[in-house]
Amino acid sequence: MGLLTQIATLPLAPVRGVAWVIERVVETAENQYYDPAPVERKLAALERALLAGDIDEETFDRREDELLDRLDEIRAHVQGTDT
C-alpha cells in the first residue's frame with residue numbers, strides 16, 4: 001500500500017481492527033468446537049459409567065452413538081479443511 005492509500009483509508013482502521021478481532025474469535029471458537037479431546041473424554045467416562053453400573057446398556061448405546069456421530073463430524077471437518 002502506498003502512503004496516499006494508507007492516509008485515505010486511515011478512518012477505516014478501527015473497522016479493520018474489529019474485523020480482525022472477530023475473525024480471531026470465530027477461529028478460536030471453531031478450534032474448540034472441532035476439538036476431539038472433550039468428546040473422547042466423554043466416551044471414556046461413558047464407558048466407565050457403564051462398567052460401574054451407573055447406566056444401563058440402552059443408555060450407553062444411545063449416548064455412545066451420539067458421541068461417535070460427533071467424532072465423525074469433527075473428523076469430516078478436519079479432513080475437509082486439511083485438503
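Helix α3 comprises 17 residues and spans 24 Å from its first C-alpha to its last, close to the 24 Å expected at 1.5 Å a residue; the expected span is 1.5 Å times one less than the number of residues. Helices are DSSP runs (H or I, at least four residues), numbered from the N terminus. The structure is a predicted model, in which local features need pLDDT of at least 70 and side-chain atom pairs count only at pLDDT 80 or more, whereas totals for chains, interfaces and linings use all residues. Residues are numbered from 1 along each chain as its sequence is written, and side-chain values use heavy atoms, with hydrogens and water left out.

The protein chain has an average pLDDT of 91, and 95% of the residues score at least 70; pLDDT is the predictor's confidence in each residue, from 0 to 100. Confidence in the protein chain is highest in helix α3 (residues 36-52), with a mean of 97, and lowest in helix α1 (residues 3-8), with a mean of 79.

Within α3, the residues V39, L43, L46 and A49 are buried (under 20% relative accessible area, with exposed meaning over 50% and partly exposed in between; 1.4 Å probe, protein chains only). These residues lie on the same side of α3, because they cover an arc of only 125° around the axis, the arc being that of the directions from the helix axis to the C-beta atoms. Exposed residues R41, R48, L51 and A52 are carried by the face of α3 turned away from its buried side. At the start of α3, a side-chain oxygen of D35 comes to within 3.2 Å of the backbone nitrogen of A37. Just after α3, a positive phi of about 85° is found at G53.

One aromatic pair is present in the structure. The ring centres of Y33 and Y34 are 4.9 Å apart and the planes stand at 85°, so the pair is edge-to-face (centres within 6.5 Å; planes under 30 degrees apart count as stacked, over 60 as edge-to-face and the rest as tilted). Y33 is partly exposed, at a relative accessible area of 43%. R70 lies over the face of Y33, 3.9 Å from the ring centre; this requires CZ of Arg or NZ of Lys within 6 Å of the ring centre and within 35 degrees of the ring normal.

Q79 is located in helix α4 (residues 57-82) and is exposed, at 56% relative accessibility. Between Q79 and L50, the separation is 29 residues in sequence and 32 Å in space, C-alpha to C-alpha.

Terms used:
Rings of Phe, Tyr and Trp (its six-membered ring) pair if their centres lie within 6.5 Å; planes under 30 degrees apart count as stacked, over 60 as edge-to-face and the rest as tilted. Helices (H or I, at least four residues) and strands (E, at least two) are DSSP runs, numbered from the N terminus. A polar contact is a pair of N or O atoms within 3.5 Å; within protein, one must be able to donate a hydrogen and the other to accept it, and residues adjacent in sequence count only if both atoms are side-chain atoms.
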